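This briefing is for a reader meeting the structure for the first time. Please look over the sequence and the model before reading the points below.

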Amino acid sequence: MATFDVIVIGGGPAGYVCAIRCAQLGLSTAVVEREKLGGVCVNIGCIPTKALLHSAYILNTIRHGAKDLGIETGEVKADYGVAMRRSRKVSEQNSRGVESLMKKHKITVLKGDGTLQKGKQVQVGGETHTASKAVVIATGSRTKGIPQIGLEIDKATVISSDEALFLERTPASIAIVGAGAVGCEFADIFNAFGSQVTLIEVLPRILPLEDGEASDALAKAFRKRNIAMHVGAKVTKATVSKDKAVLELEAAGKTLTVEAEKVLMAAGRAVNTERLGLPEAGVQLTERGFVKVDPATLETSAPGVYCIGDVAGPPMLAHKGSREGVHVAELVAGHRPRPIDYRNVPSVTYCHPEVASVGLSEQDAKAKGLDVKVGRFPFSANGRARTAGETDGFVKIVRDTKYGEIIGAHIVGSHASELIHELVVAKTNEYTVEEVDLAIHAHPTLSEAIAEAALDSLGRVIHI
Amino acid sequence: MPTKVVMEALSPTMEEGRLVEWKKQAGEPVAVGDVLAEVETDKAVMELVARVGGVLLRHTVEAGATVPVSAEVAVIGEPGEAVSAAKQPAAAPKAAEEQATQPAPGRNQPVSMPPAPSPDADGASAATPVSGAAAAPPAPSPPGTPADRLRASPLARRIAAERGIDLAAVQGSGPEGRVIARDLEAAPVRTPAGPTVAEPARQPPAPLPSSGFTDVPLTQIRKTIAQRLAQSIGPIPTFYLTTEVDMERTAELRTALPEDGRPSFNDIIIKTTAMALRQHPMVNAWWQDDRIRQWHDIHVSMAVAIDDGLITPVIRHADQKSLRAISAEAKDLASRARERKLAPDEYTGGTFSVSNLGMLDIDEFTAVINPPEAAILAVGRIVAKPVDHEGQVQVRRRLRVTLSCDHRIVDGATGAMFLKTLKQMLENPLALVW
């Protein structure tokens with residue numbers, strides 16, 4: 001039984017960042033975590049998948065590009081088990097990093113399940129702790145299957161990313177249900193490590209939330225690497241046995257069958273709102289099952305109880321949760337942080353080529369009736385991309401016709417995840433395409449493609 | 001001369017590192033930049049590199065050991081230096097000179113960022129917080145039309161130009177009060193007839209911490225004064241003015257107040273100072289490098305000693321508050337300051353400071369200006385002594401106060417006139433309610 005200023009339930013990227021910011025602002029803070037600090041992101045999400053994707057990238061580079069670069073190799077052997085264990089090490093290091101950050105900021109870590117009680121109290125184990133200022137719910141989300149059609153995650157034949165990250169070897173074949181960021185990243189990984197991959201997406205294209213051209217570019221790259229894709233395809237029935245699954249798909253009025261050794265479920269995540277005592281504490285949910293919050297303050301329907309991260313609603317992204325954590329910490333400390341502008345949250349898929357974006361797709365901008373102009377620049381016309389032999393992809397900027405405001409930016413290609421931030425900074429600070437061009441870009445760099453895309457939107461592109 | 005190799009802070013949060021593997025062995029030559037060892041930090045395995053060249057004389061710790069930042073891990077000697085020097089470990093470390101090149105990244109950085117000033121819509125508190133430690137060199141403002149000085153995002157400028165909105169009349173809600181596109185949604189459109197009637201932009205009552213200010217552009221003479229004085233005496237050319245105040249009447253009136261909730265002399269001085277500042281806006285100001293910001297609101301910082309330093313909680317709108325309210329607030333702020341329970345916005349955003357050491361029997365002293373404020377008042381103790389009073393020697397309670405002034409903002413006469421007002425008010429306490 002202890003009293004803190006703030007108790008954060010959940011030690012993922014939303015929760016632990018919130019706790020650190022609280023501590024920086026002089027608030028005594030506790031974090032409740034039932035598993036490892038760092039949450040899904042650090043332990044079974046962002047970090048280990050990126051470690052595996054790096055292995056996949058090196059494999060593909062050696063297989064498809066080494067000879068041209070003057071590197072002769074013998075037969076290249078891929079060992080998923082080894083790559084997996086390296087990814088575990090990276091995760092563990094990161095989790096320990098979070099632990100030491102908690103220590104450094106004198107944040108109390110309460111191990112166990114946190115249950116909300118009335119009056120800003122949180123029960124952990126047998127103990128009840130009191131928050132004098134705020135309780136922050138940051139319990140995140142988890143993988144889910146589709147039991148209605150026979151695709152319940154059995155952790156053997158039907159798996160989720162949670163299991164995929166611990167496989168000792170890759171299956172001979174795998175069907176991935178859902179072609180969002182998670183599905184596409186695992187398609188990339190398993191393909192590189194030798195599985196026959198089939199990617200199934202119910203919406204009309206892979207990465208359905210990205211700009212259409214980005215989806216097309218990635219699909220083209222995947223096709224080249226023999227990743228099978230079925231888009232606009234609904235799984236109607238699944239027959240799961242011990243060593244394989246047979247999926248029946250319906251696409252464009254036709255029925256087809258996909259057989260695979262394993263099925264990876266990557267179609268959405270379920271939020272962790274159960275067994276938290278939410279209804280008892282007066283915390284309401286939305287119709288879609290997220291915790292209902294005031295969009296400006298992230299306060300729930302229970303006064304003094306805030307909610308951040310996945311459980312507070314989409315987009316379910318670590319960096320969105322972290323920002324919400326900082327926001328709530330500053331509010332609780334009596335500051336007046338600037339509102340979070342959800343239009344400026346970048347989104348990244350780390351397959352190869354990488355896909356990164358901020359703001360609206362061209363399709364969405366037009367659907368909203370905005371008067372926009374589009375600028376594009378392909379990496380095939382960029383010197384630095386050529387030197388690396390990585391000329392897939394492009395930069396695309398959607399700008400407002402009248403004012404030049406950056407409405408959306410989309411990058412497909414090598415290092416897109418890093419490049420996008422120039423445009424995130426620009427968009428967040430309301431620089432228009434003209435300011436982007438005004439900044440002198442070093443030569444030769446991939447970033448030049450951004451300046452060129454900005455110029456292209458103004459009708460002044462130089463290098464094509 | 002042997003040089004110590006120490007465990008460096010390889011990440012800003014690193015407190016100790018595990019020496020994973022030695023890459024250089026005793027006796028091996030090393031050049032600047034050579035990797036000496038691999039070190040596992042709280043985040044990653046990183047490389048410890050040599051900052052001096054020579055010969056690695058010995059490892060002080062074995063691979064696998066965990067070592068706090070700054071502790072010695074090895075010794076590098078000059079090429080000629082015999083490895084045998086390593087045989088006398090007792091002598092070597094003493095003579096060893098810590099390798100002094102660039103400090104390890106993060107080592108000297110504050111462990112945490114100072115709390116960001118809250119981006120209030122009015123931009124008032126977005127300026128330098130009271131701590132003001134990071135006096136970054138001012139960005140030279142490019143010469144140009146006044147419009148260039150307006151803080152507005154490029155997008156906001158473009159929209160304003162297109163729609164005929166006067167940006168100067170728009171309250172910004174972006175960083176440091178910058179006008180962003182959102183702020184233009186409700187902005188009045190400039191009429192072709194002329195500039196929009198400047199509506200009194202400051203609505204009372206002001207939200208915390210301040211509702212407005214007047215930026216006074218620097219005249220050439222002020223610029224020259226500022227430059228010359230700063231050259232002469234340091235970045236804040238300070239001078240001091242002392243006056244002695246007769247406190248008899250104030251003391252009498254104070255005693256007349258009910259004991260429960262009776263204001264301290266300090267409370268009275270804070271209130272009086274705030275009232276005097278009303279009449280002397282030049283003293284209620286901040287130095288802003290390219291201009292002087294005269295605050296319209298009066299927020300008095302009071303220096304409070306705490307265990308390991310001092311902090312300056314702010315009594316906002318001290319001129320408008322009753323003595324009783326100030327007394328209660330000062331008590332609350334001081335006690336929470338000592339418990340370290342102040343929120344950052346409770347100790348930032350002051351426009352003038354008062355420091356009182358009277359309770360510690362200090363007769364008079366000079367206080368150090370809390371930048372960017374223009375001045376600080378140092379309050380000594382009230383002491384009864386014989387003085388000339390209306391032609392007779394009387395024992396009267398007297399108080400010595402000293403005003404430290406930033407000469408770039410406040411000239412001698414300006415400061416003196418402020419002190420005179422303060423003195424008159426304290427000697428005629430009715431002025432407080434006048």
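Does A:Lys120 count as buried or exposed, and why? A:Lys120 counts as buried, because it has 21 C-beta neighbours inside 10 Å, and the cut-off for burial is 20 or more. The model is a predicted one. In chain A, 52% of the 464 residues count as buried.

**Chain A overall**

- The secondary structure of chain A amounts to 14 helices and 22 strands.
- Taking the contacts in chain A between residues at least 6 apart in sequence, 66% link residues that are at least 24 apart.

**The parallel sheet of chain A**

- An open sheet of five strands has the order β8-β15-β9-β10-β11 in chain A, with parallel pairing.
- The edges of this sheet are β8 (158-159) and β11 (228-231) of chain A; each has a single partner strand, so one side of each is left without a neighbour in the sheet.
- Five bridges hold the parallel pair made by β9 (residues 173-177) and β10 (residues 196-201) of chain A.
- Within that pair, A:Ile176 has A:Leu199 of β10(A) as its bridge partner.
- Helix α6 (residues 181-192) of chain A packs on the sheet, where it touches β9, β10 and β15 (262-265) of chain A. The direction of α6 makes about 170° with that of β10(A).

**The antiparallel sheet of chain A**

- A further open sheet in chain A has five strands in the order β18-β19-β22-β21-β20, and here the pairing is antiparallel.
- At its edges stand β18 (347-349) and β20 (372-378) of chain A, each with a single partner strand, so one side of each lacks a neighbour in the sheet.
- On average, neighbouring strands of this sheet are turned by 10° against each other, direction ignored.
- Three bridges join β18(A) to β19 (residues 354-359) of chain A in the antiparallel sense, and A:Ser347 stands opposite A:Ser357 in β19(A).
- Helix α14 (residues 448-457) of chain A lies across β20 and β21 (394-400) of chain A, and runs at about 140° to β20(A).

**Loops and backbone details in chain A**

- The peptide bond between A:His352 and A:Pro353 is cis, with omega about 0°. A:Pro353 sits in the loop between β18 and β19 of chain A.
- Another cis peptide bond leads from A:His443 to A:Pro444, and its omega is near -5°. The loop between α13 (433-438) and α14 of chain A holds A:Pro444.
- A:Lys120 is not a glycine, yet its phi is positive, about 55°. A:Lys120 belongs to the loop between β4 (114-117) and β5 (121-124) of chain A.
- A:Asn226, also a residue other than glycine, has a positive phi near 65°. It lies in the loop between α7 (212-224) and β11 of chain A.
- A:Asn226 is exposed, because 9 other C-beta atoms lie within 10 Å of its own and the cut-off for exposure is 12 or fewer.

**Nonpolar cores**

- The largest nonpolar core has 146 residues; A:Cys18, A:Val136, A:Ile137 and A:Ile176 touch the most other members.
- Leaving aside residues up to four places away in sequence, the residues that A:Val136 touches include A:Val6, A:Val8, A:Ile9, A:Tyr306 and A:Val328.
- Another core lies apart from the largest one and has 54 residues, among them B:Ile315, B:Leu342, B:Leu403 and B:Leu419.

**Strands and a helix of chain B**

- Strand β6 (residues 54-59) of chain B is mostly covered, with five of its six residues buried.
- β6(B) pairs with β3 (residues 29-30) of chain B in the antiparallel sense over two bridges, and B:Val30 stands opposite B:Gly54 in β6(B).
- β6(B) also runs antiparallel to β8 (residues 72-77) of chain B, to which four bridges join it; here B:Leu56 stands opposite B:Ile76.
- B:Gly234 follows α4(B) and has a positive phi, near 125°.

**Where the chains meet**

- Between the chains, 23 residues of chain B are in contact with 23 residues of chain A.
- On the side of chain B that touches chain A, twelve residues are nonpolar, four are polar and seven are charged.

How values were computed: Residues are numbered from 1 along each chain as its sequence is written. Chains are lettered from A and ligands numbered from 1 in the order in which they are written. This is a predicted model: local features need pLDDT of at least 70, side-chain atom pairs count only at pLDDT 80 or more; totals for chains, interfaces and linings use all residues. Two residues are in contact if their C-beta atoms, placed from the backbone, lie within 7 Å. Ala, Val, Leu, Ile, Met, Phe, Trp, Tyr, Cys and Pro count as nonpolar, Asp, Glu, Lys and Arg as charged, and the others, Gly among them, as polar. Two strands pair if DSSP finds at least two bridges between them. Axes are lines fitted to C-alpha atoms, for helices over the stretch in contact, and angles run from 0 to 180 degrees between N-to-C directions. A nonpolar core is a set of buried Ala, Val, Leu, Ile, Met, Phe, Trp, Tyr and Cys residues joined through C-beta atoms within 7 Å.
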